[in-house]
Amino acid sequence: GALGLYVLIVLIAITMYMVTMTGPFLLQEDGITSQSTISFIISMTTVGSMMGAYLFGLINPKIGWRGSLALTWAVLGIGSIGFALVKDVGLLALFGWMTGLGAGLMQPLTQGAVLNAVPREAHARAIGLAVGCIFLGQFIHPMVMKPLRTAVGIQGAFVWVGIAALI
């Protein structure tokens with residue numbers, strides 16, 4: 001039911017915030033210190049999010065809920081791994097864009113599923129909670145990343161989160 005969807009939203013949100021929250025630290029560690037360059041790379045997640053949200057309406061009818069969920073996890077995973085492994089600004093922007101694409105797909109996908117899982121009279125509360133779960137994932141993200149970064153380094157954290165998303 002809806003509870004499982006809320007957990008899913010939190011897990012996806014933790015993953016989708018890799019580039020926007022942890023990415024600047026990785027970029028600085030990789031020697032990219034120009035604030036304008038970092039801002040450009042990170043802002044590509046917003047462009048990807050807008051595109052993913054728009055494309056959802058075209059993609060979901062063709063591949064269904066499970067296919068859209070698999071695509072969401074795939075672009076988040078590939079984006080996270082790619083972001084960790086490249087140093088080229090253009091490629092970093094591309095992988096940032098990919099994580100944004102996953103974020104944009106996730107929101108209409110999970111919100112539609114939440115609406116389908118609850119009675120009509122509970123829609124407003126259910127969507128409010130779904131949006132709250134996105135923010136909860138954002139809040140939890142640093143708490144998950146700190147021990148992971150300590151264990152495997154910042155680059156390793158991106159790779160492991162990406163692998164988990166792909167699995």
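## Ground rules

Helices here are DSSP runs of H or I with at least four residues, numbered from the N terminus. This is a predicted model, so local features need pLDDT of at least 70 and side-chain atom pairs count only at pLDDT 80 or more, while totals for chains, interfaces and linings use all residues. Residues are numbered from 1 along each chain as its sequence is written, and side-chain values use heavy atoms, with hydrogens and water left out.

## The largest pocket

Rolling a probe the size of a water molecule over the atoms shows where empty space is left. Here a pocket is an open set of points on a 1 Å grid over the protein atoms alone, where a 1.4 Å probe fits, with protein on both sides within 12 Å along at least five of seven lines. Points are joined across faces, edges and corners, and the volume is the space filled by probe spheres set on them. On that basis, the largest pocket holds about 170 Å³ of space. It has 14 lining residues, and the closest to its centre are Met16, Tyr17, Ser49, Ala103 and Gln107; a lining residue has an atom within 4 Å of a point.

Which helix gives the most to the lining of the largest pocket? That's H4, with five residues. Helices H3 (35–85), H4 (89–117) and H5 (123–166) each put in at least two. By type, the lining splits into six nonpolar residues, eight polar and no charged.

## Inside helix H4

Ala103 sits in helix H4 and counts as buried at 6% relative accessibility (buried is under 20%, exposed over 50%, partly exposed in between, with a 1.4 Å probe and protein chains only).

## One salt bridge

Side chains of opposite charge can pair when their charged atoms come close. The cut-off used is a side-chain nitrogen of Lys or Arg within 4 Å of a carboxyl oxygen of Asp or Glu, and the count comes to one salt bridge. The partners are Lys87 and Asp30, with their closest N and O atoms 3.5 Å apart. This pair ties together distant parts of the chain, 57 residues apart: Lys87 is in the loop between H3 and H4, and Asp30 is in the loop between helix H2 (18–29) and H3. Lys87 is partly exposed at 47%, and Asp30 is partly exposed at 26%.

## Out on the surface

Leu3, Val7 and Leu11 make up a nonpolar patch on the surface, with about 300 Å² of accessible area together. Leu11 belongs to helix H1 (residues 2–16) and is partly exposed, at 44% relative accessibility. Patch members need over 30% relative accessible area and no salt bridge, and nonpolar side chains (Val, Leu, Ile, Met, Phe, Trp, Tyr) are joined within 5 Å. The areas come from the Shrake-Rupley method with a 1.4 Å probe.

Is Glu29 buried or exposed? Glu29, in helix H2, is exposed, with a relative accessible area of 56%.

Technical notes:
Nonpolar A, V, L, I, M, F, W, Y, C, P; charged D, E, K, R; others polar. Patch = residues over 30% accessible without salt bridge, like charges linked within 9 Å, V, L, I, M, F, W, Y side chains within 5 Å.
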